[in-house]
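Hello,

Here is the structure I promised to pass on to you. Please have a look, and below I set out what turned up in it.

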Amino acid sequence: MADFQEFYPLRRHNTFGFDVRARLAVHVRSEQDLVEALDDPRARDLPVVVLGGGSNVVLSGDLDALVLLMEIPGYRVDATGADVHVTAGAGENWHGLVCRTIDDGLPGLENLALIPGTVGAAPIQNIGAYGVELCERFASVRAYDRQTRAFVELDAAQCAFGYRDSVFKHAGRDRYIITAVTLRLPRPWQPALGYAELARELEGVASPEAGRIRDAVVAIRSRKLPDPAVIGNAGSFFKNPIVEAAQRDALAAGHPTLVSYRQPDGRYKLAAGWLIDQCGFKGVNDGPVGVYGKQALVLVHHGGGSARDLLALAGRIADTVEERFGVRIEAEPVIV
Ligand code: EPU
């Protein structure tokens with residue numbers, strides 16, 4: 001029998017710190033715990049919500065659901081092939097994994113340092129930062145398929161990775177529960193120093209090693225992103241919108257400081273933080289919620305508020321950006 005807890009408080013399981021409860025919750029520390037919980041008759045009629053670090057979700061109210069608190073551990077290195085493969089349990093802390101691989105002399109994840117959350121959550125939004133996306137260091141996931149009631153391995157193609165996107169946000173959302181992730185660290189290692197801000201941070205450092213790059217990423221992130229342990233947030237709240245070249249050119253003509261990045265397909269990614277900043281929202285507070293003062297892309301919860309407050313502010317921001325620039329920005333975290 002699964003060790004369910006009723007009306008379980010989730011305030012410490014979501015980095016916005018919203019004070020909501022789960023009808024049933026269970027700590028999942030093994031694949032057996034997972035199957036037991038899903039098969040338990042007490043949970044049969046409830047929808048299932050999977051929580052890792054809770055750092056990329058907006059819990060919109062009490063959840064009449066079975067909440068799986070994913071805590072499966074594990075760390076295994078396979079260095080027998082051309083590239084190094086590292087398999088980690090879904091419940092491992094992501095930044096902990098990044099540091100452990102670097103300590104073990106296995107570079108490759110350093111640009112993704114200090115991203116909050118768990119290993120199992122990383123593929124869902126295809127985490128990315130400072131010029132590297134998870135999909136570039138990815139081999140496979142192991143997941144429980146709720147449709148066939150069996151464990152499966154999914155490769156990168158099956159995960160359908162996109163910018164902050166994967167099958168786990170769409171067709172696989174209520175189907176797969178990730179229990180482990182295998183990363184592929186390409187050999188020989190090549191530092192990824194193409195992101196301008198990272199290159200600036202490392203100016204004067206000759207051939208920086210992975211640990212030094214990790215430290216630089218940690219320094220940049222600590223300067224501009226709020227620590228969820230101190231102030232409620234889920235990192236970037238909006239995705240950077242991707243627009244056609246013609247639309248970007250028209251915007252750039254009217255706004256010479258527009259920040260945009262050319263994509264491989266010829267379209268352009270616009271910096272949503274810049275768009276929001278231009279609309280005057282940076283540092284603006286609306287009761288218990290607000291826009292972070294050092295990075296307009298991050299919404300914060302000061303305490304005592306709810307997802308309703310946050311989503312109202314997010315809606316106002318998106319509407320204002322659309323009126324001013326004709327571009328619709330979309331929320332990045334998963335709204336539950
Ligand atoms: N900008 C402003 N005002 C702001 C914020 C940004 O003008 O308030 C401008 C900056 O000057 C810069 C540009 O926007 O020229 C881009 O800013 P930044 O380099 O900080 O990156 P970002 O687009 O804000 C993205 C990711 C982050 C990731 C960084 C670094 C998304 C949605 N966000 O942020 O990811 O850490 O790049 O790679 O793609 C996350 O997903 O939660 C996250 C933090």
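Let me begin with arginine 164, which is buried, its relative accessible area being 17%; the cut-off for buried is under 20%. Please keep in mind that this is a predicted model. Arginine 164 sits in the loop that runs between helix 3 (156–159) and strand 12. Its phi is positive, about 50°, although arginine 164 is not a glycine.

Tyrosine 130 is another one to look at. Its phi is near 50°, again a positive value in a residue other than glycine. You will find tyrosine 130 in the loop between strand 8 (128–129) and strand 9 (132–133). Tyrosine 130 is buried, with 9% relative accessible area.

Next, a peptide bond. The one leading from arginine 187 to proline 188 is cis, with omega near 0°. Proline 188 belongs to the loop between strand 12 and helix 4 (196–201).

Finally, helix 1. Which residues of helix 1 (residues 31–39) are buried? They are Leu34, Ala37 and Leu38. Viewed down the axis of helix 1, these buried residues fall within an arc of 95°, so they line one face of the helix. As for what covers the buried residues of helix 1, the list includes strand 2 (21–28), strand 3 (48–51) and strand 5 (63–70). Strand 10 (138–145), strand 11 (150–155) and strand 12 (176–185) are also included in that cover.

Best wishes

Methods. Residues numbered from 1 in each chain as written. Predicted model: local features only at pLDDT ≥ 70, side-chain atom pairs only at ≥ 80, totals over all residues. Heavy atoms only, no water. Buried < 20%, exposed > 50% of the residue type's maximum accessible area, 1.4 Å probe, protein only. Helix = DSSP H or I, 4+ residues; strand = E, 2+ residues; numbered from the N terminus. Arc of directions from axis to C-beta. Contact = heavy atoms within 4.5 Å.
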